[in-house]
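This report describes the fold of one protein chain for a reader who is new to structural analysis. Please keep the sequence and the model in view while reading.

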Amino acid sequence: MAPVKQRLPHLTLSASGLSAPDSFETYRQAVSTIFDASLDDRQEHFQVHVDCVQLGPMLLSQASMSNGAYRYERSMRKVAQAGADAVLVQIILAGSDVRIVKGEAVISGPGDVFICDLTRTISTSAKDCRNFTFVFPRSLLGLPEFDLDGLHDIYLPASSTQAKLLLAHVRALWAERNRIALPDAAMFAQSTVGLIASLTANSIDDDVRQAHAAHAEIARVQHFVDSHLMDAELGPDMICSRLGFSRSSLYRLFEPLGGVASYIRDRRLRRVFRQLASRQTSHRKLAEIAFDTGFSNIPAFTRAFKAHYGVTPRDVRMLAEAGNGWPVHLDEPIDGGERLGHWLNRLGRA
């Protein structure tokens, strides 16, 4: 007798039989580890249905929401409280929504693709919409940090070849989900992520694309910066001296990224954020983390942190302690009976 194949862990969330408030509350709680969701009106027949499978380190779902105007957002407070070092991809199948992409409102349509970095902010409002959504750890892309930083607020219109290819791939994957054996799940997840990486190579915004022209030189400086963030002397002079750049050439190289000093500050702030929001470093004092990341003036550091993230360093630590910890991930299959929120809560830990 042939061995029975283990099916992929799966979950169905359906609240269509409940009243609108109860139906939406079921949905809100399920996605609360990733988004803050709110209902914009009090329509009586709000319906939500989500089918989700775990494909190795990836969650793949088809979701349908109707009969109610709603909003889901991911603020920096949410990132701190329930962070996930992960990428979210949504493909619109029917209906429409409105989302903020690079500071501007974009009205979606069937076939449109949106790619978001869950360490960044997201804002979307919708009424009747059906979509494919999948989430996977950023580390699965195998890209350097420079490239990963560009994978946010990417919009592939339905008319583009990239969007058509990705939709065809995900449709096929979804159709075969009940025939994919558990040991093969990671392979299919990796092939999907590889396709995303290749299709978005030319979709990064103009500033980042300009910087790619000098990618090797920038990558050399970035590696040096990340290796010396603890050094309080790190700055343009140190980089020029150690790597042989003139100040003018270094400034010109980093102009598309907002300047070298800004880049160093942002890298330091990101490292501090990750440590403050991680349970693994919850025993360390805030000042100790700041000093170890190259900040020698705590009041100036606190001001820079709040200006960058919209919350104070202490807020991040308190939110992380009150929330589910950060980062989190999918490291092994979960039984199908676990709720969607528990799955999402485990995304992104490297």
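Leaving aside its neighbours within four places in sequence, which residues is Ile91 in contact with? In this predicted model, Ile91 touches Gly111, Asp112, Val113, Arg130, Asn131, Phe132, Phe134, Leu166, Leu167 and Val170, once neighbours within four places in sequence are set aside.

**The chain as a whole**

The chain contains 14 helices and ten strands. Of its 350 residues, 51% are buried. When contacts between residues at least 6 apart in sequence are considered, 72% of them join residues at least 24 apart.

**The nonpolar cores**

Ile91 belongs to the largest nonpolar core, which has 32 residues. The residues with the most contacts inside this core are Leu55, Val89, Ile91, Val113, Phe134, Phe136 and Leu166. Both strands and helices contribute: strand 3 (47-55), strand 4 (58-66), strand 6 (86-101), strand 8 (113-117), strand 9 (122-137), strand 10 (154-156), helix 4 (161-175) and helix 5 (185-199) each provide at least two residues of the core. Helix 4 gives the most, with six residues. There is also a second, separate core of 28 residues, and it includes Val31, Phe46, Ile92 and Cys129.

**Two pairs of packed helices**

Two packed helices are described by the angle between their axes and the distance between the axes. The table gives these values for two pairs in the chain.

| Helix pair | Angle between axes | Distance between axes |
|---|---|---|
| Helix 4 and helix 5 | about 170° | 10 Å |
| Helix 10 and helix 12 | about 90° | 11 Å |

How do helix 4 and helix 5 run relative to each other, roughly parallel or roughly antiparallel? Their axes meet at an angle of about 170°, and helix 4 is therefore roughly antiparallel to helix 5. On the side of helix 4, the contact is made by Gln162, Leu165, Leu166, His169 and Leu173. Helix 5 contributes Phe188, Ser191, Thr192, Leu195, Ile196 and Leu199. Sorted by class, this contact has seven nonpolar, four polar and no charged residues.

Helix 10 (residues 260-276) and helix 12 (residues 298-309) pack at about 90°, so helix 10 is roughly perpendicular to helix 12. Here Arg265, Asp266, Leu269, Arg270, Val272, Phe273 and Leu276 of helix 10 meet Phe301, Ala304, Phe305, His308 and Tyr309 of helix 12. This contact comprises eight nonpolar, one polar and three charged residues.

Helix 10 has 17 residues and spans 24 Å from its first C-alpha to its last, close to the 24 Å expected at 1.5 Å a residue. How many of its 17 residues are buried? Twelve of them are, and helix 10 is thus mostly covered. The buried residues are Val260, Ser262, Tyr263, Ile264, Arg267, Arg268, Leu269, Arg270, Val272, Phe273, Gln275 and Leu276.

Why does Arg267 count as buried? Its relative accessible area is 10%, and a residue counts as buried because that value is under 20%. The C-alpha atoms of Arg267 and Gln222 are 9.3 Å apart, although the two residues are separated by 45 residues along the chain.

Leu257 lies in the loop between helix 9 (247-254) and helix 10. With a relative accessible area of 22%, Leu257 is partly exposed. A distance of 10.0 Å separates the C-alpha atoms of Leu257 and Ile218, which are 39 residues apart along the chain.

**Other local features**

Helix 8 (residues 236-243) has the buried residues Pro236, Met238, Ile239, Cys240 and Leu243. Gly244 follows helix 8 and has a positive phi, near 80°.

His10 counts as partly exposed, at 36% relative accessibility. His10 and Asp51 are 41 residues apart in sequence, and their C-alpha atoms are 7.6 Å apart in space.

Key. Residues numbered from 1 in each chain as written. Predicted model: local features only at pLDDT ≥ 70, side-chain atom pairs only at ≥ 80, totals over all residues. Heavy atoms only, no water. Axes fitted to C-alpha atoms, helices over the stretch in contact; angles between N-to-C directions. Helix = DSSP H or I, 4+ residues; strand = E, 2+ residues; numbered from the N terminus. Parallel < 35°, antiparallel > 145°, perpendicular 65-115°, else oblique. Contact = heavy atoms within 4.5 Å. Nonpolar A, V, L, I, M, F, W, Y, C, P; charged D, E, K, R; others polar. Expected span 1.5 Å × (residues − 1). Buried < 20%, exposed > 50% of the residue type's maximum accessible area, 1.4 Å probe, protein only. Core = buried A, V, L, I, M, F, W, Y, C linked by side-chain atoms within 4.5 Å.
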